[in-house]
Amino acid sequence: MGSLYMFVQTVLSYQMQPKIHGKQIFWVRLLLVIWCAVSAFSMLTCSSLLYSGSFGTDIVQKLHWNPQDKGYVLHMITTAAEWSMSFSFFGFFLTYVRDFQKISLRVETSLHGLTLYDTVPCPINNERTHLLSRDF
């Protein structure tokens, strides 16, 4: 799902240039999406080969791998591809830094009494009415 999200955001980045951001952001995001796709493809391919049954049935419960184990190379490729895919996610989210720098939020607070515990009557009468009628 994260890869699909990255793809949709890259398409949106293409459509938003040059009004929102430059072409460089689009190209960086496109390279990161391609990196993610290659990592996901290699991870899914190697893991499906690993769990196909030709390396034994105890692979699903295996926690510690030794280089002598059957399927060790496929397991290492799957693990490296998984980490590579997660780094592509991190890199993709870092491309949003410039976009979020253009957004500013402002919060206004106002206290209607001297303290938070003042029991000054509220100017709005509807706030003091019961949510449920007493006949219910």
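A polar contact of 2.8 Å joins the side chains of aspartate 99 and arginine 29. The model is predicted. Aspartate 99 sits in helix α4, which spans residues 97-101. Its relative accessible area is 15%, and the cut-off for buried is under 20%, so aspartate 99 counts as buried. Which residues does aspartate 99 touch, leaving aside those up to four places away in sequence? They are His21 and Arg29. Arg29 will return below, in the contact between α1 and α2.

Now step back to the whole chain. The protein chain has four helices and zero strands. Read from the N terminus, its elements run α-α-α-α. The chain holds 136 residues, and 24% of them count as buried. Aspartate 99 is one of the buried residues. Contacts in the chain can also be sorted by sequence distance. Take those between residues at least 6 apart in sequence: 65% join residues at least 24 apart.

Start the helix packing with α2 and α3. Helix α2 covers residues 23-50, and helix α3 covers residues 72-94. Their axes lie 8 Å apart, at an angle of about 155°. Angles over 145 degrees count as roughly antiparallel, and therefore α2 and α3 are roughly antiparallel to each other. The crossing of these two helices is left-handed. What classes of residue make up the contact of α2 with α3? There are 16 nonpolar residues, eight polar and two charged.

Helix α1 comes next. The axes of α1 and α2 come within 9 Å and cross at roughly 155°. That angle makes α1 roughly antiparallel to α2, because it is over 145 degrees. Here too the handedness can be stated: α1 passes α2 in a left-handed crossing. On the α1 side, the contact is made by Ser3, Met6, Phe7, Thr10, Ser13 and Tyr14. On the α2 side, Phe26, Arg29, Leu30, Leu32, Val33 and Cys36 take part. By class, this contact has eight nonpolar, three polar and one charged residues. Arg29, listed on the α2 side, is also the residue whose side chain makes the polar contact with aspartate 99.

Helix α1 also packs on α3. Helix α1 runs over residues 2-16, and its axis lies 11 Å from that of α3. The angle between α1 and α3 is about 35°. α1 passes α3 in a left-handed crossing.

One more residue of α1 deserves a look. Leucine 12 is found in this helix. Is leucine 12 buried, exposed or partly exposed? Its relative accessibility is 36%, which falls between the 20% and 50% cut-offs, so leucine 12 counts as partly exposed. Leucine 12 and phenylalanine 26 stand 14 residues apart in sequence. In space they are 9.0 Å apart, C-alpha to C-alpha.

Notes. Residues are numbered from 1 along each chain as its sequence is written. This is a predicted model: local features need pLDDT of at least 70, side-chain atom pairs count only at pLDDT 80 or more; totals for chains, interfaces and linings use all residues. Side-chain values use heavy atoms; hydrogens and water are left out. Buried means under 20% relative accessible area, exposed over 50%, partly exposed in between (1.4 Å probe, protein chains only). A polar contact is a pair of N or O atoms within 3.5 Å; within protein, one must be able to donate a hydrogen and the other to accept it, and residues adjacent in sequence count only if both atoms are side-chain atoms. Contact means heavy atoms within 4.5 Å. Axes are lines fitted to C-alpha atoms, for helices over the stretch in contact, and angles run from 0 to 180 degrees between N-to-C directions. Angles under 35 degrees count as roughly parallel, over 145 as roughly antiparallel, 65 to 115 as roughly perpendicular and the rest as oblique. A crossing is left-handed if the near helix is turned anticlockwise from the far one by less than a right angle, and right-handed if clockwise. Ala, Val, Leu, Ile, Met, Phe, Trp, Tyr, Cys and Pro count as nonpolar, Asp, Glu, Lys and Arg as charged, and the others, Gly among them, as polar.
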